[in-house]
Amino acid sequence: MLFKRIKIYFLISAFLVFGSSCKKFIDINNDPNNVTTVQLNLLLPSTQISMAGNMHQLNSGTSTIIQHTIFSASLSRLQQTGTSFDDSWNGFYSQTLIDIETLIKESTKQQQWGYVAVAKLQKAYLYSLLVDMWGDVPFTTASLGQENRNPEFISGAAVYEKLFVLIDEAIADAGKVSSTTLMPAPADIIYRGSKDAWLRMANSLKLKLFNVIRLVDAPKATAGINSLISGNLINSNSGDFTFRFGSSQNPNNRHPWHRSEYQGAKTFYMSQSLTDMLFNNDDPRLRYYIFRQNATAGLNNSTNSNGYYGRNPGDGTGGPADQTRRATFGIYPAGGLYDNAPVNNIPSTNMFLTNAGTAGGTKVVGVSDGTGAGIMPLITNAMVYFIRAEAALTLTTRDNARQNFIDGVTANLSSVSTFAAANGGIAMSSPTLTGFVGKLSRQYDAASDNNKKLELVMTQKYIATYGNGMETYTDYRRTALPQLRPLLSPLNAFPLRLYYSQAELISNTSVSSKASELQTVQQTTPVFWDK
Amino acid sequence: MKQILLFAVFSLFTFFKGNSQGRIVSGQVTSQQDGSFIPGVSITVKGLSKGTTTDRQGTYKIPVTDDAGVLVFSNIGYGMLEVPVSGRSVIDVKLAESSATLNNVIVTAAGIRRQKNKLGYAVSTIDAGQIAQKSEPDPIRSLSGKVAGVNIQGSGGIAGGGTNITIRGNSSLGNNNQPLFVVDGVPFDNSSFANAGTTTVGGGGVTNRAFDIDPNNIQSMTVLKGAAAAALYGSRAANGAIIITTKSGKKQSRKGTEITYSTSYAFEDVSGLPEYQTKYGQGTNNDYRHGVYASWGQPFPGVQSMLPTRETIPHQLTRQFSAAVFPQFYEADGITPIQIPYRSYAKENVRNFFRRGNVYENAISISSGNEKGNFTAGISRTSNEGVVPENSINRTSINIGGNIKLENKFYASGAINYVITDQKSPPIGGNSGSIMSALMYTPTSFDLTNNPYENPLDGSNVYDYTGLDNPYWSVKHSPSISNVDRYYGNFVLGYDPLPWLNIQNTAGFNAYTDRRLNVRGKGSSSYPNGSITSDDIYRQELDNTLLVTASSSINDDLSLRAIIGNNINQRLTNRKVFYGDNIIVAGLNSINNTSSITPVQLQNNRNILKQRFYAFFGDVTLEYKSFLTLNVVGRNDISSTLPANNRSYLYGGVNGSFIFTQALNMARNVLSFGKIRAGYTKVGNEATPYQTLNVFPINNTLGASGVAAVGTPFTPAGGTGTNIITQADLLANANLKPEFITELELGTELQFLNGRIGLDFTYYNKKSTSQIFEVSAAPSSGYATQILNLGKATNQGIEIGLNLSPVKSNSGGFNWDISANFTRNRNLINDLGGYKSFSYGGTNGTSSIHIVGQPYGLILGTAYARDEVGNVLIDPNTGKPLTSGALQPIGNPNPDFMLGLSNSFSYRGISLNVLFDWKQGGSLFSSTIGNMMSRGVTRDTELREFVIVPPGVLGDINTLKPLLDARGNKIPNNVAMAYEDHFFAGGMGPGGVNEGSVLDATVLRLREISLAYELPKSFLKSTPFGSASLSLSGRNLWYNAPNFPKYVNFDPEVSSLGVGNSQGYDNLAVPTTRRFGVNLRFSF
């Protein structure tokens, strides 16, 4: 009996011994897969890639609304839903902005002012985009995680005010860095750490924002622009604030338009209105922007339209099985193919869009056609000139509208040409380039008044900004230019703001109770700068 | 806590000390039928109320004072036996099973054996005969319709497809709701890992790992439905538990040697295909069109119609393939396509694609034993070739087990199992490589059967649908392969130091590797380069349970059993996924046959998951005069998944039963047995690992999904590769607390007319509080999902089991037994901590959503815009319905009730069993039906040469309010549209707005028929066999889903998302199958 009692005590003491090692045994909830501390040089590129990656849906959707392309039939007919732009909204906030905030916090703590500056500039750019697209957005209480799970939406005007301050802060932060680089080159995909490039981007962004608010605050816009035009703006194509995709397929670094269209299944139709605009104006960029898979298939699979098989905006009919026949994205900006096949019905009077020197034919595109290393132009050298031209025509800025118009077109043409040459396409001959610029400048000079000149400026900016639907969507709402083609069967009025993400409306209790009302008025409520 | 346990241990020991007295009679009680030991037999000295019960080896010791006394042996389910002591000190007895059997001893939590009639909660036991040899290789599906309270949802006709099982509804808002599987005392992982990376198999095609249990090796299955039953398993049994005892793991010894061989063969066919229309061919707008995947084209020659017809069409494949590829489809000039007859292939296209599958099972098991111990071993092989070509699953399992009673009061047992499960699946799941993407709506005039599917030049896909692969091509070139090696077993060591004390330790392991390969074939039209994803999943679970059991009589009327225990558990998942891009040589399925390989990150890069817990528990049962039982259970868990200050949590419950027929000594001629039971239990539940800390994954894919997903490291044009880190999408919660489920259960068991009628009724009310769940976060907070720790949901329901024996005769006469079970569960989301709703899961633009005041997991999607009285608003421009501004709940996937009805007839050696079940209600969002309707392929849309004006009122497209006429009245829809447009995208029919594809999934089903013949012993005398039986079985022989379109013949028992909390989705699932089998069983 005693023996047995001992055994029991032994058992109990075993329990106790076990108990003392319990804490170690159970303390295993630290994620072995991921890091918990931040390295600035790894976090910055993440914000740049995710901003570009998350832009695809927004860019394609707004490009559809302003007839650059046709991404979805319902958006082409101006009907939005809560999932039309949710990927971009969700991604900007949950990937890009949270990383930018972390970057600002950590780099400020470490007094790495170069990172602080770049993070703040990216934040300012992205938030200005959010306001332009959606109007009122979460800003002050956004990206706080646990501290605020339901950020409040604040007015776009208030956000813009804070962005001007933020940009100035960033410029000051960059000023604290004495070197010519803000960070090691590999950490910055966009400018390789160049301080000069980022300062030019900062000023160009300010220029853009001042111009955007010109309808509601002309004095501020004028003063702001005047203070910038003699300063450090983006002034070369190599200084473009542009995201450059890569050609790697695995991991896939390619431009989403290339990925989407250079395969069997296709999502897009090329916009017949853009195609015709270029075709009818003898514009050499047509061969760069649009690639034909079939030289005879025309509009809606007919044999019309000179062999450019696109769709008219607002066409609600179902798509036939035409993936091997429709025209698709060309070499610029998607990194596809340069269309070097003869084009039907080119007028003999054409000087720039001609069949001279064409070689080869059309082809059904596949994944190995083109490099896929396309670009996402955000603020380009050309855009800066066009903004200055617009401001000069509409405000009393100290700027020469005509020169800026010419510089803008030239910058864009050479940018397209250089990009194409670097990606297996053909550069624009310099007679074509200068000749076409000359033609446009004569059109400019022939324009009877500032309104006509502005139409030319905005039309050229519209063409030059192909690949960035957001900028053009904002321009169109401010200027109602260029003239867009009437829709075949619209389902709604032209949207003045975009629909919010369904996920945000459901999950954010500060708006979830009025989600439906909030959503439906987006279509008809102008953004604060829109009058 | 530890102090309390210690105190409890000491008090128990002092309590029992010195309780024996007088002369001791001992012995062993065995079954007269099979010689197995019978534990729990009550033994009393006649005339005294003093008594004892047999232990797990069937042995007992009882003090007697009088050599002339008589011992009374009784046990529910067995006859009563009186044995005079006559001066003996060892009395072994054999008890015969009584006919009015009440399923006596069952295994409850932690291997504790209890008499069913004394339990304070509902359990259901299924024995081998109800599971094995039913032409069903999936042990979970074999439970369908057999147990009240259990909802089983298969995912369609893929061999080895996932099976979702829930007991008493979904309790956890976000965590696992599958019950815990326990095999021979050790938890058995039933995970279903979705494919990672570029997936070609949707959730429905992925096997859940309970499939690794061979039904042939199951001795019995006990379903512990409620929290009360499962309290001792803690956290993981909060959703109920399914306790499986395998043949090798069974504890009771059996004398003699038995060899059993069983074999069965079944063939399977698709259980239902639509009735296709055969009057109109490919095209739209009554016009023949190449390449269009709709059948709204011209009528075929000979069809009575007002539309023009045509005799021939150019060969369809000439649309995309030149004469260089298919010269035979061109005239001699190599340019002009040949003309082929314009006719319908609708009757054979889909039917010919599916093949006749089969299930072939062979199992041999031996068992041999004596009083001291026994040994069992078995090997079995099941192969199931599915109805989809190339789809198969094979399972080979080997098990060895044994137990032994040692001289020195020790006993030991052990079992080890090794299972190899190999599955090969076609790509399913609705994406572009899926075989089901277009199969069910192949254009009626396209000859899918005879047209080539491989490009003769390079083997690439040939189809008339750009961007989609021909299903014949997919099954050949894009397989998904899973090879599972699973090993599990246990070692039990027990010690009986004192007659009233037992100490037992069970150490168990359960691990598997699942090596998967998902191939997207080279030449696929979705991705011509092809790709191979390799996915190695290692999962390991270690578990140790120590039990100290003390049992004895306190006085003549009162006996007590107390158990204290300790449980330690570790679970580990380690997964390595690699994506290989660009297959170099077609047809060789190895990741080294790709030109570049990159690692694939899982959600938040959670490739390794490790969690542990340890727990102390106690279980005290007091029994008064064997009619009143009170059971108190307590458990304290310490889980690694919770933050340090919240990781220890205590819970428990109390339950009791009262056999009033016995207590009140009621006359037994009408009500022969009556019991009421009640229980109230709280169970805690832990979190999943790593939800308490925000992290930064390295080289995550950035950007949105699909073409916008940018892989990293990122190499810009002309630049060098850049590595990145990014904050994980998941907003962690540093203050996680355990979630709790509290359940009240009330029930009664009644038997009338000496067991001819039996009724078991249960009511339960289950509340889940402070739920831990991952839901969508407001993206502007910086995260895509967040871990919340709030909310309340309830499940209330009733379960009724009814057994009838309308005809009963003894020994080989005609017997008829009816067994019915009814389940009705109502769940309700009561509170989401201030939030109105949370969405998760879903497919095809829909998601599942929890909404306060609504049932669990509704289907959220686009709905018709309606006026205040429910009229659909119609767009005056198009005649099509307007879509509501925000997404809305459009369906409730939870069934209203379920009914299973089983009729068994037996006469001499022949028995017939017919199982019928009925699932009422529950919505299904069916993209299969939506597509078939909008593509005009079934007879439902055959009558079509007219225009219709759909019901509704005209609405304003911007305000979504009804338009009013001059007098302020609503304007009934007056816009006519072609019948085709009514169904086509955006139309009123299924295929348009999501709401139109939501259907009531009520289904009646003849689940199972088996006809068995036991060969008479006399017949076998001259053979080596001891017994032999032959049976025929059929599964899913008939079903009717009355609320589906008439001609789609669709079986709603599909679930495209497979196992999980997002249910009610059919995203082009593979249709279910019907099986006929023949089974043979011999024992030597």
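Trainee: How much area is buried between chain B and chain A?
Mentor: About 8500 Å² in this predicted model. Carbon and sulfur atoms give 61% of that area.

Trainee: And which residues in chain B lose the most area to chain A?
Mentor: B:Val707, B:Ile725 and B:Ser780. Together these three account for 8% of what the chain B side buries.

Trainee: How many salt bridges does the rule find across the interface of chain B and chain A?
Mentor: It finds 2 across that interface. Over all chains, the structure holds 64 salt bridges.

Trainee: Which residue does B:Arg647 meet in a salt bridge?
Mentor: A:Asp27, with an N to O distance of 2.6 Å between the side chains. That pair crosses between chains: B:Arg647 sits in the loop between β32 (628-639) and β33 (648-659) of chain B, and A:Asp27 sits in the loop between α2 (22-26) and α3 of chain A.

Trainee: What about B:Arg606, which residue is its salt bridge with?
Mentor: B:Arg606 is paired with A:Asp31, and their closest N and O atoms are 2.7 Å apart.

Trainee: Switching to helices. At what angle do α6 and α17 of chain A pack?
Mentor: At about 50°, with the axes 10 Å apart; α6 covers residues 113-134 and α17 covers residues 469-479. The two helices are therefore oblique to each other.

Trainee: Is that crossing left-handed or right-handed?
Mentor: The crossing of α6(A) and α17(A) is left-handed.

Trainee: Which residues meet there?
Mentor: From α6(A), A:Leu129, A:Asp132 and A:Met133; from α17(A), A:Met470, A:Tyr473, A:Thr474 and A:Arg477. By class, that contact has 4 nonpolar, 1 polar and 2 charged residues.

Trainee: α3(A) packs on α17(A) too; at what angle, and how far apart are the axes?
Mentor: About 40°, with the axes 7 Å apart; α3 covers residues 40-65 of chain A. That angle makes α3(A) oblique to α17(A). The crossing of α3(A) with α17(A) is left-handed.

Trainee: Who touches whom in that one?
Mentor: A:Met55, A:Leu58, A:Asn59, A:Thr62, A:Ser63 and A:Ile65 in α3(A) are in contact with A:Gly469, A:Met470 and A:Tyr473 in α17(A). The class count for this contact is 5 nonpolar, 4 polar and no charged residues.

Trainee: Now the backbone. Which residues does a cis peptide bond join?
Mentor: A:Asn250 and A:Pro251, with omega about 0°. A:Pro251 lies in the loop between β4 (241-244) and α10 (256-261) of chain A. The bond from A:Tyr332 to A:Pro333 is also cis, with omega near 0°. A:Pro333 is in the loop between β7 (328-329) and β8 (375-379) of chain A.

Trainee: Why point those out?
Mentor: Because most peptide bonds are trans.

Trainee: Last one: what is phi of B:Glu390?
Mentor: Phi of B:Glu390 is near 75°, which is positive in a residue other than glycine. Where B:Glu390 lies is the loop between β23 (373-385) and β24 (392-405) of chain B.

Technical notes:
Residues are numbered from 1 along each chain as its sequence is written. Chains are lettered from A and ligands numbered from 1 in the order in which they are written. This is a predicted model: local features need pLDDT of at least 70, side-chain atom pairs count only at pLDDT 80 or more; totals for chains, interfaces and linings use all residues. Side-chain values use heavy atoms; hydrogens and water are left out. Axes are lines fitted to C-alpha atoms, for helices over the stretch in contact, and angles run from 0 to 180 degrees between N-to-C directions. Helices (H or I, at least four residues) and strands (E, at least two) are DSSP runs, numbered from the N terminus. Angles under 35 degrees count as roughly parallel, over 145 as roughly antiparallel, 65 to 115 as roughly perpendicular and the rest as oblique. A crossing is left-handed if the near helix is turned anticlockwise from the far one by less than a right angle, and right-handed if clockwise. Contact means heavy atoms within 4.5 Å. Ala, Val, Leu, Ile, Met, Phe, Trp, Tyr, Cys and Pro count as nonpolar, Asp, Glu, Lys and Arg as charged, and the others, Gly among them, as polar. Buried area is the accessible area (1.4 Å probe) that two parts lose on being put together, summed over both. A salt bridge is a side-chain nitrogen of Lys or Arg within 4 Å of a carboxyl oxygen of Asp or Glu.
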